[in-house]
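Thanks for coming. Please have a look at it first.

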Amino acid sequence: MRDFEGRLERLQTIVESLEQGDSSLEKGMKLYKEGLELVRTCRKELREAKHEITVYSEGVFQEYAQEPDPNITEEADDSE
């Protein structure tokens with residue numbers, strides 16, 4: 001299976017081939033379908049990457065990157 005960049009390169013090749021318009025109908029349809037699958041896969045990967053970035057920058061993991069609150073003592077953590 002190709003990586004993300006490999007899929008984008010393949011998609012670009014397909015687009016260029018379809019834009020030339022010198023493929024047979026059957027070959028053009030095959031390329032079009034392959035291109036659609038590549039687009040779907042790439043979009044899914046981009047959504048997942050965006051979600052992961054959001055989680056790390058704004059979500060659950062942000063609290064670990066912040067400075068500790070000086071008003072919270074270790075004793076408060078032990079009482080929980």
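Read from one end of the sequence to the other, the chain follows the pattern α-α-α-α. That is 4 helices and 0 strands, where helices (H or I, at least four residues) and strands (E, at least two) are DSSP runs numbered from the N terminus.

Two notes on where the values come from. This is a predicted model, where local features need pLDDT of at least 70 and side-chain atom pairs count only at pLDDT 80 or more, while totals for chains, interfaces and linings use all residues. Residues are numbered from 1 along each chain as its sequence is written, and side-chain values use heavy atoms, with hydrogens and water left out.

Now the chain as a whole. Of its 80 residues, 14% are buried. By buried I mean under 20% relative accessible area, by exposed over 50%, and by partly exposed anything in between, with a 1.4 Å probe and protein chains only. The chain exposes about 7,200 Å², and carbon and sulfur atoms supply 52% of that. Those areas come from the Shrake-Rupley method with a 1.4 Å probe, and for residues only the protein chains shown count as cover. As for contacts (heavy atoms within 4.5 Å), take those between residues at least 6 apart in sequence: 53% of them join residues at least 24 apart.

Let me take helix 1, residues 4-20. Helix 1 has 17 residues and reaches 25 Å from its first C-alpha to its last, close to the 24 Å expected at 1.5 Å a residue. The expected span is 1.5 Å times one less than the number of residues. Which residues of helix 1 are buried? They are F4, G6, R7, L11, I14 and S17. What covers the buried residues of helix 1 includes helix 2.

S17 counts as buried because its relative accessibility is 18%. Leaving out residues up to four places away in sequence, S17 touches D22, S23 and L31. Just after helix 1, G21 takes a positive phi of about 70 degrees.

Next is helix 2, residues 25-58. Helix 2 has 34 residues and spans 48 Å from first C-alpha to last, close to the 50 Å expected at 1.5 Å a residue. Its buried residues are G28, L31, G35, L38 and C42. What covers them includes helix 1.

On to charges. Side chains of opposite charge can pair when their charged atoms come close. How many salt bridges does a search of the whole structure find? It finds 4, a salt bridge being a side-chain nitrogen of Lys or Arg within 4 Å of a carboxyl oxygen of Asp or Glu. I will go through some of them.

E45 and R7 meet through their side chains in a salt bridge, at 2.2 Å from N to O. This pair links distant parts of the chain, with E45 in helix 2 and R7 in helix 1, 38 residues apart. R7 is buried, at a relative accessible area of 7%, whereas E45 counts as partly exposed at 25%.

R10 and E34 form another salt bridge, at 2.8 Å from N to O. Again the pair links distant parts of the chain: R10 is in helix 1, E34 is in helix 2, and they are 24 residues apart. R10 is partly exposed at 22% relative accessibility, and E34 is partly exposed at 24%.

K44 and E48 also form a salt bridge, with the closest N and O atoms 3.9 Å apart. Why are K44 and E48 separated by about one helical turn? Because they are 4 residues apart in helix 2. K44 is partly exposed, with a relative accessible area of 45%, and E48 is partly exposed, with 44%.

Last, the surface. L18, Y32 and L36 form a nonpolar patch there, with about 250 Å² of accessible area together. Patches are made of residues with over 30% relative accessible area and no salt bridge; like charges are joined within 9 Å, and nonpolar side chains (Val, Leu, Ile, Met, Phe, Trp, Tyr) within 5 Å. L18 sits in helix 1 and is partly exposed, with a relative accessible area of 35%.

That is the end of the tour. Thank you.
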